[in-house]
Amino acid sequence: MKVAFRTFGCQMNINDTEAMMGVLSKAGHEIAVSEEEADAVIVNTCAVRAKSEDKLYGKLGQLKAVKKRKGRLLVGVCGCVAEKNALELLTHKEVDFVFGTRAITRVDELLGRAESGERFIEMGDFIDELDSTTPRIRTSAHHAWITIIFGCNKFCSYCIVPYTRGREKSRNMDDILSEARELAVNGYREITYLGQNVDSYGKDLEDGSSLAKLIRETIEINGIERIWFLTSYPRDFSDELIDVIASSEKVSRAIHLPVQSGSNRILKDMNRGYTREYYLDLLGRVKNRIQGATLSTDLIIGFPGETEKEYEETVSLVKEVRFERVNLAMYSPREGTLSAKKMKDDVPQEVKTRRLNDLLAIQKHINREENEKYLNETIDVIGEGKVKGNGKIYGRTMNNKIVIYEAEADLIGQPVKIRIVRVSAGPLYGVIVK
């Protein structure tokens with residue numbers, strides 16, 4: 001059977017799709033690029049924001065038309081929206097089966113059930129079956145995602161993830177390292193360790209495992225030149241982890257620490273478990289001990305009850321820290337979360353939009369000023385992919401700056417030295433230094 005995938009959401013969704021493609025390919029199925037040529041389409045979904053969820057329903061509308069035109073097309077839905085809205089999804093006639101975030105290793109079996117005419121929901125927990133022996137079809141030939149911990153125990157008041165991804169469950173460290181070593185043997189230069197809260201890795205194993213220890217072991221793997229990790233949680237970002245990052249040039253200097261708000265009252269209502277002062281102290285330790293560290297963050301604008309003064313506290317935090325990158329999102333209530341149940345979404349949409357746009361403009365100005373320091377500098381870059389339309393390629397520095405330069409496609413995945421000749425608020429532009 002020819003099976004196509006459409007994936008929305010975070011890197012963990014991408015990694016889940018890679019595993020499902022691997023499982024199906026090993027079972028004899030063919031991975032299709034086009035929905036038109038496919039016998040089945042599996043949509044891997046995200047429910048973090050209402051906008052992400054809307055993408056699924058837009059895609060289902062398209063697949064309904066494809067299904068009607070072709071006469072026969074199996075449609076499966078998995079991921080976070082599947083966990084959240086399983087019963088509702090099966091009311092859509094174009095949907096044949098729905099399965100949860102911890103059932104992805106059973107995708108071949110589920111596809112067979114759907115092919116036999118069964119319409120069903122599968123929410124079983126088979127996540128322990130996902131290990132280093134699981135076949136995967138990677139989306140890159142030089143960089144690989146490795147999920148090391150599933151789920152989240154934090155229960156931030158606005159976040160649906162603990163309900164859609166379940167409780168935290170860490171993989172065995174030896175199994176993770178086995179996967180990383182195999183990737184190195186196969187020519188992968190970069191790996192990113194993934195988790196909804198990657199800093200919690202190992203706590204549930206009770207054998208001394210931790211993200212810091214895992215990274216320390218990974219540093220010793222020949223062939224792995226860069227080690228990244230996402231997503232961190234400020235309360236769990238340890239001094240041991242800071243020291244491990246500082247100890248090796250193999251570990252990324254791009255530190256992503258989502259703060260969500262600059263207001264202590266809002267942080268308390270979000271159930272984040274730290275204050276503005278704690279966060280700033282942590283950033284101070286990171287900058288003091290990790291040479292060349294750059295910082296990025298996530299912010300939610302228009303959380304219930306956010307006053308203009310509390311919004312300005314977020315603005316002042318952004319100006320004080322001068323993040324290299326800020327991911328901004330307007331608050332949207334997620335059904336089942338504490339904020340949706342207990343807090344009124346009372347910041348008007350036009351106020352959310354105005355605050356978001358103002359903060360985007362501030363951050364764009366900071367980005368441009370921070371990028372100026374790279375002008376005429378020569379920096380190390382690993383090529384990542386083609387830039388659409390102009391024949392150039394883009395790559396990343398160790399602190400996650402995007403650099404665009406002219407090069408042949410065979411330099412994708414290869415380290416090069418680039419002299420920066422032009423900057424913007426986004427990418428840097430340069431030429432290869434021979």
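The expected span of a helix is 1.5 Å times one less than its number of residues. In this predicted model, helix α11 covers residues 276-289, 14 residues in total.

One set of α11 residues is buried: Arg-276, Tyr-279, Leu-282, Leu-283, Arg-285 and Val-286. These buried residues pack against three helices, α9 (239-247), α10 (264-270) and α12 (308-321). They also pack against the strands β11 (254-256) and β12 (294-301). In an α-helix, residues three or four places apart point the same way, because there are 3.6 residues a turn.

From α11, the contact draws on Arg-276, Leu-280, Leu-283 and Lys-287. From α12, Glu-313, Ser-316, Leu-317, Glu-320 and Val-321 take part. By class, the contact has 4 nonpolar, 4 charged and 1 polar residues.

A separate region carries an annotation. The unreviewed UniProt entry marks Cys-152, Cys-156 and Cys-159 as "binding site". Cys-152 sits in the loop between β7 (143-150) and α6 (161-165). Cys-159 is placed in the loop between β7 and α6. Buried means under 20% relative accessible area. Cys-152 has 9% relative accessibility and therefore counts as buried. Cys-159, at 17%, is buried too. Leaving aside residues up to four places away in sequence, Cys-152 touches Val-161, Pro-162, Gly-166, Arg-167, Glu-168 and Gln-196.

Terms used
Residues numbered from 1 in each chain as written. Predicted model: local features only at pLDDT ≥ 70, side-chain atom pairs only at ≥ 80, totals over all residues. Heavy atoms only, no water. Helix = DSSP H or I, 4+ residues; strand = E, 2+ residues; numbered from the N terminus. Buried < 20%, exposed > 50% of the residue type's maximum accessible area, 1.4 Å probe, protein only. Contact = heavy atoms within 4.5 Å. UniProt positions renumbered as here; feature names shortened; annotations may be inferred. Nonpolar A, V, L, I, M, F, W, Y, C, P; charged D, E, K, R; others polar.
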